[in-house]
There are 2 protein chains.
Amino acid sequence: MINREAWELGSRRSCIRELFAYGRAQAQKLGEEAVCDFSLGNPATPPPEEVRNTLRALAQEADPMTLHGYTAAEGAATVRRAIADELNSRYRGGVRESDLFLTAGAAPALTAVFAALTVSPESEFVAIAPFFPEYAVFSGVRGAKLRIADADRKSFQIDIQALDKVLTPATQAVIVNSPNNPTGAVYTRETLTALAKLLAARAARFGHPIYVISDEPYRELVYDGKETPYLPEIYPDTVVCYSYSKSLSLPGDRIGYVLVPPACADHDALLYAVAGAARSIGHVCAPATYQQVIERCTGARPDLAFYDRNRRLLWEALTSYGYDCVSPDGAFYLFCRAPGGDAKAFSDRAKRENLLLVPGGDFGCPTHFRAAYCVEEAVIRRALPIFRALAKP
Amino acid sequence: MINREAWELGSRRSCIRELFAYGRAQAQKLGEEAVCDFSLGNPATPPPEEVRNTLRALAQEADPMTLHGYTAAEGAATVRRAIADELNSRYRGGVRESDLFLTAGAAPALTAVFAALTVSPESEFVAIAPFFPEYAVFSGVRGAKLRIADADRKSFQIDIQALDKVLTPATQAVIVNSPNNPTGAVYTRETLTALAKLLAARAARFGHPIYVISDEPYRELVYDGKETPYLPEIYPDTVVCYSYSKSLSLPGDRIGYVLVPPACADHDALLYAVAGAARSIGHVCAPATYQQVIERCTGARPDLAFYDRNRRLLWEALTSYGYDCVSPDGAFYLFCRAPGGDAKAFSDRAKRENLLLVPGGDFGCPTHFRAAYCVEEAVIRRALPIFRALAKP
């Protein structure tokens, strides 16, 4: 009587959530100080002051009917206008408010786009491993297949030849996530230009567009002034899925968008299909209060300095202990080769010391572990001696 | 390259949204005073003072990391505890916090339950016509069939014999929506007891449970002290989908829940399947700020007096003009037989006078129209002469 697939999905928690729950239980038993939890990508800085002031002002002064009322399914026009203006102030492409569809964060944005691009059970999407494991869940919403291409195992940039091998006439889209979860890599302009060239050639051969789904929750989290090229400028058939979860530290409030840029193939049909797919998964409108917050805070930015301090501290210490870590140019993850090469065994050893690290198996990279450094600096300082002791396999 | 079903769903707006958009355009052209818009079920009263004060206090004083952070997928434990306590203060059944799964309103709650209960393309759900047209969208998320049983055409209570005729061994659940959209009918204890008796008998014959999905966004909107029996007390295999959209005038903020009561068949598996189905449609957690609001406002109630004044005014006038209206015991809709019996033709006539009424065809009842009286009283007063003039077919 119960859908088996849904039951299985609901009854086994993700490895990350499992570790996080274990950490909470250990902290209750042994005290917060005893646990070094690097499991979850939950921002450890509050939302920018501007965001908090805006919420206060709206709660005090806004007309409650507007603040709490339904908006159009695609989001309030004024909000979409503000987002388009901000994008146009940074990038070329002439985004219009009608190119945007606001969602309850990146997860339903991705789900709606996958659903909109699934035309049969043979439809295929491609992820670059290591990748955010929920892609496998979201892309399956209408029964499509997820194929995997390994990233370059040194730079963790896209391996163009490896990607080419998994493209088929059934390929509907390639998911690009830069800055990357779990590696922290930021794809270079060179990487993205090579990707665009490959996809354009294969699209021409197969006789249909191959979309890029650009999953960008970490867009604003880039260090050392590194460039994060705007994919629609490089490859027109790009659909952007954005979230304010990480950039404005609003993960629980669920606000983000789908952007189908003006030059994207089948622009209107695709936007309609995103709207229809969203409707079919119970989307009514993105949370209205936070639409209003975003309208007034499109220029707000995360506390990069906070993450950067953590990044330097952790990366410098771990490399000095002999860990081999991916160059952490963006997001708030450090992705390192497990001493001994078996990340599951290594993270189990770490877990016995109450140091919680996510083994890369679920990301499609079982040799590496992920440490989410969106934590208090004190957590890192407590963890360093444990990392040092564990460095020898 | 684009999913056709999603494209179709996204490109044709619902009849209700279409009328609403037409009304906005007419109001811009002719002025607000020229349009009498009864199309949309958008609450016309602000949230209760208690809710607005709570939001202000949270925005001022709450720890921003807790206010905006991820919660568990099922919702924060303290919030679910508060909801369970409030339910237990009103009803028997011993609801536990672990029986609740918080969602972004009733739409994704329903979608997750339909998905959890769809085991094959042969799975069937039953709606009682007239019914909220999105049931047809949500129930189809995993390809199940929606079958229709007509309500009694006099009382608009469930017609038990008509329902029995559409039950089959493939029936997974019957959707019950009381107080009802679009009719305003509130199912009596007698109706629900007869329903329970029928479903128990058919479940025994078919050898598996038949669930009731109780869609309850209008639970708190009942007039004249009428009783709204709590379905899990009458029929244990009931799953409740609740929303605070109407009861607390928070439609845009998207907060509600699925309740699988303790005595429900396959309780644990069903809750896991709801969680898994929600995850597969991009649910991460219900909006965190509004979880906190709900925790502190479980006892808040809508401004019933406001709706009741409108209800009396509209019902008394329309019946005095000769309209045949369903007894409007709950929700904020008046459902009336169209003079002449063709609601589409009638609502087109009304539209020419800028009086916007939803014809019942999309609800599965083409003889009646729906007037949503969640509007300013002045709108009703302006509309009465038009209703009077249109009363003769």
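In β7(A), Val239(A) is the bridge partner of Ile213(A). This pairing belongs to a predicted model, in which strand β6 (residues 211-215) of chain A runs parallel to β7(A) over 4 bridges. The points below begin with β7(A) and its neighbours, then turn to the sheets and to the two chains.

- Strand β7 of chain A covers residues 238-243 and is mostly covered, since 6 of its 6 residues are buried.
- In a regular strand, side chains alternate between the two faces of the sheet.
- In β7(A), Thr238(A), Val240(A) and Tyr242(A) point one way, whereas Val239(A), Cys241(A) and Ser243(A) point the other way.
- The residues of both sets are all buried.
- β7(A) also pairs with strand β8 (residues 256-259) of chain A, in the antiparallel sense and over 4 bridges.

- An open sheet of chain A has 7 strands in the order β2-β8-β7-β6-β5-β3-β4, and its pairing is mixed.
- The edges are held by β2 (100-103) and β4 (145-150) of chain A; each has a single partner strand, so one side of each lacks a neighbour in the sheet.
- On average, and with direction ignored, neighbouring strands of this sheet are turned by 20° against each other.
- Helix α11(A) packs on the sheet and touches β2 and β8 of chain A.
- The direction of α11(A) makes about 20° with that of β2(A).

**The sheet of 4 strands**

- Another open sheet of chain A consists of 4 strands in the order β9-β10-β13-β12, with antiparallel pairing.
- Here β9 (324-325) and β12 (358-359) of chain A stand at the edges; each has a single partner strand, so one side of each is left without a neighbour in the sheet.
- β9(A) pairs with strand β10 (residues 333-337) of chain A in the antiparallel sense over 2 bridges.
- In β10(A), Cys336(A) is the bridge partner of Cys325(A).

**The contact between the chains**

- In the contact between the two chains, 65 residues of chain A meet 65 residues of chain B.
- Elements of chain A that give two or more residues to this side are α1 (4-11), α3 (49-61), α4 (64-68), α6 (106-116), α7 (134-138), α11 (267-280) and α12 (288-296).
- The largest share of the side of chain A that touches chain B comes from α11(A), with 10 residues.
- By residue type, the side of chain A that touches chain B divides into 38 nonpolar, 19 polar and 8 charged residues.

**The symmetry of the chains**

- Two copies of a chain are related by a rotation about an axis and a shift along it.
- Chain A is superposed on chain B by a rotation of 180° with 0.0 Å of shift along the axis, at an RMSD of 0.0 Å.
- This is the relation of a two-fold axis.
- Within chain A, the C-alpha nearest the axis belongs to Ile281(A) and lies 3.0 Å from it.
- Both copies use the same surface, as 100% of the contact residues of chain A recur in chain B.

Methods
Residues are numbered from 1 along each chain as its sequence is written. Chains are lettered from A and ligands numbered from 1 in the order in which they are written. This is a predicted model: local features need pLDDT of at least 70, side-chain atom pairs count only at pLDDT 80 or more; totals for chains, interfaces and linings use all residues. Two residues are in contact if their C-beta atoms, placed from the backbone, lie within 7 Å. Ala, Val, Leu, Ile, Met, Phe, Trp, Tyr, Cys and Pro count as nonpolar, Asp, Glu, Lys and Arg as charged, and the others, Gly among them, as polar. A residue is buried if 20 or more other C-beta atoms lie within 10 Å of its own, exposed if 12 or fewer, and partly exposed in between; C-beta atoms are placed from the backbone. Two strands pair if DSSP finds at least two bridges between them. Copies are superposed by least squares on the C-alpha atoms of residues with pLDDT of at least 70 in both. Axes are lines fitted to C-alpha atoms, for helices over the stretch in contact, and angles run from 0 to 180 degrees between N-to-C directions.
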